[in-house]
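Please have the sequence and the model open while reading.

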Amino acid sequence: SLLGNPAILPERQSEFELGTDLGFLDNRITLDITFYQKVIDSLLLNANVPTSSGFTRRSLNGGTLRNRGAEIGLNARIIEKKDFSWNFGVKWWANRNLITRLSVPAFNIGGFAASLGTFRIEEGQPATQIVGTFDRSECEDPDCLDLDPNQDGFRVFGNSQADFDMSFNNNLSYKGF
């Protein structure tokens, strides 16, 4: 079902990262902070094609994707005794992605169904946006324009990318266990 493309090129990625690691109290408490931006050119996409072609999708170099984010980690060696130790850590990170250039018309891919939500690859929007169809009879014209600004029958349901992620960890050791 996937139409090949002999002119396909590899994706090209460039990344800029800036960060620091800090230690306090003889490194019993450490803090690491990182900011980054990654740009992917010649983005590999599997775009939809008319099924009358005998295929459902084709591979192509279809645009540019930008990721920006930050990561912050805090670790503490709270207790350090001969037979017992306790280390604690917390990490926070956030990432924002954006299709900055798309050389094909916007398309939907994956998901469950248009009525339940599907991913939409669209210039100027995150690659993780979820769109779906809606009942136009449930809104009046000015409201419908807000729900469907592109006038294509789809409204944005949300984004699968979390606003941020966080993790906590504890490492306890007692007499080598």
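**Five-stranded sheet**

Five strands make up an open sheet, ordered E2-E3-E6-E7-E12, with antiparallel pairing. Its edge strands are strand E2 (12-24) and strand E12 (165-174), each of which pairs on one side only. From one strand to the next, the twist averages 10°. The model is a predicted one, in which local features need pLDDT of at least 70 and side-chain atom pairs count only at pLDDT 80 or more, while totals for chains, interfaces and linings use all residues. Residues are numbered from 1 along each chain as its sequence is written, and side-chain values use heavy atoms, with hydrogens and water left out.

**Terms for strands and angles**

- Strands (E, at least two residues) and helices (H or I, at least four residues) are DSSP runs, numbered from the N terminus.
- Two strands pair if DSSP finds at least two bridges between them.
- Angles run from 0 to 180 degrees between N-to-C directions, and axes are lines fitted to C-alpha atoms, for helices over the stretch in contact.

**Strands E6 and E7**

- Strand E6 (residues 63-80) pairs with strand E7 (residues 84-102) over 17 bridges, in the antiparallel sense.
- Glu 80 stands opposite Ser 85 in E7.

**Asn 67 in strand E6**

- Strand E6 contains Asn 67.
- Asn 67 has a relative accessible area of 14% and is therefore buried (buried means under 20% relative accessible area, exposed over 50%, partly exposed in between, with a 1.4 Å probe and protein chains only).
- The side chains of Asn 67 and Asn 95 are joined by a polar contact of 3.0 Å (a pair of N or O atoms within 3.5 Å; within protein, one must be able to donate a hydrogen and the other to accept it, and residues adjacent in sequence count only if both atoms are side-chain atoms).
- Apart from neighbours within four places in sequence, Asn 67 is in contact with Tyr 36, Gln 37, Lys 38, Asn 95, Arg 96 and Asn 97 (contact means heavy atoms within 4.5 Å).

**Four-stranded sheet**

- Four strands form an open sheet in the order E8-E9-E10-E11, and the pairing is antiparallel.
- The edge strands here are E8 and strand E11 (154-159), each pairing on one side only.
- Neighbouring strands of this sheet are turned by 35° against each other on average, direction ignored.
- Strand E8 (residues 107-113) and strand E9 (residues 117-121) run antiparallel and are joined by four bridges.
- A hairpin of three residues links E8 to E9.
- Phe 107 stands opposite Ile 121 in E9.
- Five bridges pair strand E10 (residues 129-133) with E11 in the antiparallel sense, and Gln 129 stands opposite Asn 159 in E11.

**Two residues of strand E8**

- Asn 108 lies in strand E8 and counts as buried, at 16% relative accessibility.
- A polar contact of 2.8 Å runs from the side chain of Asn 108 to the side chain of Arg 120.
- With neighbours within four places in sequence left aside, the contacts of Asn 108 are Asn 48, Thr 118, Phe 119, Arg 120, Val 131 and Phe 154.
- Gly 111 is also found in strand E8, but is partly exposed, with a relative accessible area of 47%.
- Not counting residues up to four places away in sequence, Gly 111 touches Gly 117, Thr 118 and Phe 119.
- Gly 111 and Val 131 are 20 residues apart in sequence, and their C-alpha atoms are 9.4 Å apart in space.
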